[in-house]
Amino acid sequence: MLGIFFIYFIGKKFYELAGRYNQNQWLFAILSIVVYYASMVLFVIGLVIFDEFVFNWYIDWDNNSSISYLGIPVGLLTLYGFYKFLESRWKNNVVIIKDEIQDIGKSIDN
């Protein structure tokens with residue numbers, strides 16, 4: 001149930017961000033959910049690799065709920081970084097439309 005709320009609110013924030021900068025809203029809403037789950041999966045895979053080959057922590061991998069709870073902060077931090085990256089990139093690429101009709105007849109030196 002918690003995952004459904006995350007999906008909704010994550011998708012909604014990226015949908016609104018894309019709408020603010022005239023980007024494809026549904027694409028970035030779905031992409032944000034994919035980034036969230038991909039970062040969680042990559043974190044768990046990295047944790048397994050470190051557990052088996054580097055640190056020998058002997059983590060009980062049969063307890064799936066605790067492992068998924070470890071991935072939630074990683075997924076949220078990744079989404080925060082992705083959100084800030086998209087926001088700064090789109091903010092720098094905003095085209096300001098200048099009303100040039102009022103400038104007709106004015107000298108360039110003014």
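User: What makes Y37 count as partly exposed?

Analyst: Its relative accessibility is 35%. Buried means under 20% relative accessible area, exposed means over 50%, and partly exposed lies in between (1.4 Å probe, protein chains only). Y37 therefore counts as partly exposed. A word on the source: this is a predicted model, where local features need pLDDT of at least 70 and side-chain atom pairs count only at pLDDT 80 or more, while totals for chains, interfaces and linings use all residues. Residues are numbered from 1 along each chain as its sequence is written, and side-chain values use heavy atoms, with hydrogens and water left out.

User: Thanks! And why is Y36 called buried or exposed?

Analyst: Y36 has 2% relative accessibility, so this residue counts as buried.

User: How do you know which class W26 and Y15 belong to?

Analyst: W26 comes out at 58% relative accessibility, so W26 is exposed. Y15, at 29%, is therefore partly exposed.

User: What kind of aromatic pair do the rings of Y36 and Y37 form, and why?

Analyst: Rings of Phe, Tyr and Trp (its six-membered ring) pair if their centres lie within 6.5 Å; planes under 30 degrees apart count as stacked, over 60 as edge-to-face and the rest as tilted. For Y36 and Y37 the centres are 5.1 Å apart and the planes stand at 70°, so the pair is edge-to-face. Together with F6, these two tyrosines form one aromatic cluster.

User: How many aromatic pairs does that rule give?

Analyst: The count is 9 aromatic pairs. Among them is Y15 with W26, an edge-to-face pair at 5.2 Å centre to centre and 65° between the planes. This pair links distant parts of the chain, with Y15 in helix α1 (residues 2-20) and W26 in helix α2 (residues 25-55), 11 residues apart. Helices here are DSSP runs (H or I, at least four residues), numbered from the N terminus.

User: What makes α1 oblique to α2?

Analyst: The two helices pack at an angle of about 135°, with their axes 8 Å apart. Angles under 35 degrees count as roughly parallel, over 145 as roughly antiparallel, 65 to 115 as roughly perpendicular and the rest as oblique. α1 is therefore oblique to α2.

User: Last one: why does E87 count as buried or exposed, and what does E87 touch?

Analyst: With 13% relative accessibility, E87 counts as buried because of the cut-off given above. E87 lies in helix α3 (residues 64-92). Not counting residues up to four places away in sequence, E87 touches L17, R20 and Y21, where contact means heavy atoms within 4.5 Å.

Methods:
Axes are lines fitted to C-alpha atoms, for helices over the stretch in contact, and angles run from 0 to 180 degrees between N-to-C directions.
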